[in-house]
Amino acid sequence: MSFKEKTRFVYARAELWNDVKEQEYRDLVKSIVDLEFKLNKGGIKVSEGRQYAMDLKHKRNDLRALIAERTELDGKTAEGKAENQKFK
């Protein structure tokens with residue numbers, strides 16, 4: 001079992017990061033990719049494009065919050081603290 005797998009197991013037991021949050025993370029990434037594709041493809045009304053852009057903005061903010069939460073958890077591990085020391 002790798003370190004990341006072990007930390008995910010510990011986070012799940014402590015209810016800090018569970019399968020629901022992991023699935024939410026994956027769903028957000030997929031939604032963002034889909035919206036970016038629709039916008040880049042073009043051929044849509046301006047109002048539709050604006051709505052896609054607003055949805056994209058909100059989903060990116062949600063993803064950023066999830067990433068920050070997970071990064072904070074990873075930073076509290078011994079390995080995370082060791083990595084942070086390298087950059088000081």
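**Exercise 1. Is arginine 60 buried, partly exposed or exposed, and what is its relative accessible area?**

Solution. Start with the ground rules: this is a predicted model, where local features need pLDDT of at least 70 and side-chain atom pairs count only at pLDDT 80 or more, while totals for chains, interfaces and linings use all residues. Residues are numbered from 1 along each chain as its sequence is written, and side-chain values use heavy atoms, with hydrogens and water left out.

Step 1: get the cut-offs. Buried means under 20% relative accessible area, exposed means over 50%, and partly exposed is in between (1.4 Å probe, protein chains only).

Step 2: look up the value. Arginine 60 has a relative accessible area of 35%, so it is partly exposed.

**Exercise 2. Work out how the protein is put together from its elements.**

Solution. Step 1: know what counts. Helices (H or I, at least four residues) and strands (E, at least two) are DSSP runs, numbered from the N terminus.

Step 2: tally them. There are four helices and zero strands, and from the N terminus on the order is α-α-α-α.

Step 3: check the whole chain. Of its 88 residues, 19% count as buried. The accessible surface comes to about 7,100 Å², and 54% of that belongs to carbon and sulfur atoms; the area comes from the Shrake-Rupley method with a 1.4 Å probe, and for residues only the protein chains shown count as cover.

Step 4: ask who touches whom. Take the contacts (heavy atoms within 4.5 Å) with a separation of 6 or more: residues 24 or more positions apart account for 65% of them.

**Exercise 3. Compare the spans of α2 and α3 with what is expected of each, then look at the two ends of α2.**

Solution. Step 1: the expected span is 1.5 Å times one less than the number of residues in the helix.

Step 2: take α2, residues 19–41. Its 23 residues reach 33 Å from first C-alpha to last, close to the expected 33 Å.

Step 3: take α3, residues 46–75. Here 30 residues reach 42 Å, close to the expected 44 Å.

Step 4: go to the start of α2. A side-chain oxygen of asparagine 18 comes to within 3.2 Å of the backbone nitrogen of valine 20.

Step 5: go past the other end. Glycine 42 follows α2, and its phi is positive, near 80°.

**Exercise 4. Find the largest nonpolar core and say where its residues come from.**

Solution. Step 1: a nonpolar core is a set of buried Ala, Val, Leu, Ile, Met, Phe, Trp, Tyr and Cys residues joined through side-chain atoms within 4.5 Å.

Step 2: list the members. The largest core has eleven residues: Tyr11, Trp17, Tyr25, Leu28, Ile32, Leu35, Tyr52, Leu56, Leu63, Leu66 and Leu73.

Step 3: assign them. α2 and α3 each supply at least two, and the largest share, five residues, comes from α3.

Step 4: check what else is buried. In α3 the buried residues also include Gly49 and Arg70, and Glu22 is one of the buried residues of α2.

Step 5: zoom in on one member. Leaving aside residues up to four places away in sequence, leucine 28 touches Lys59, Asp62, Leu63 and Leu66.

**Exercise 5. How many salt bridges does the whole structure hold, and which residues form some of them?**

Solution. Step 1: a salt bridge is a side-chain nitrogen of Lys or Arg within 4 Å of a carboxyl oxygen of Asp or Glu.

Step 2: count. The search finds five.

Step 3: pair up glutamate 69 and lysine 21, with their closest N and O atoms 2.3 Å apart. This pair links distant parts of the chain, since glutamate 69 is in α3 and lysine 21 is in α2, 48 residues apart. Glutamate 69 is partly exposed at 28%, and lysine 21 is partly exposed at 23%.

Step 4: pair up glutamate 36 and arginine 60, which meet at 2.4 Å, N to O. Glutamate 36 lies in α2 and arginine 60 in α3, so this pair ties together parts 24 residues apart in sequence. Glutamate 36 counts as partly exposed at 28%.

Step 5: finish the set with a network. Salt bridges that share partners join Glu22, Arg26 and Arg70. Glutamate 22 and arginine 26 meet at 3.5 Å, N to O, and both lie in α2, four residues apart, about one turn of the helix. Glutamate 22 is buried at 13%, whereas arginine 26 is exposed at 51%.

Terms used
A polar contact is a pair of N or O atoms within 3.5 Å; within protein, one must be able to donate a hydrogen and the other to accept it, and residues adjacent in sequence count only if both atoms are side-chain atoms.
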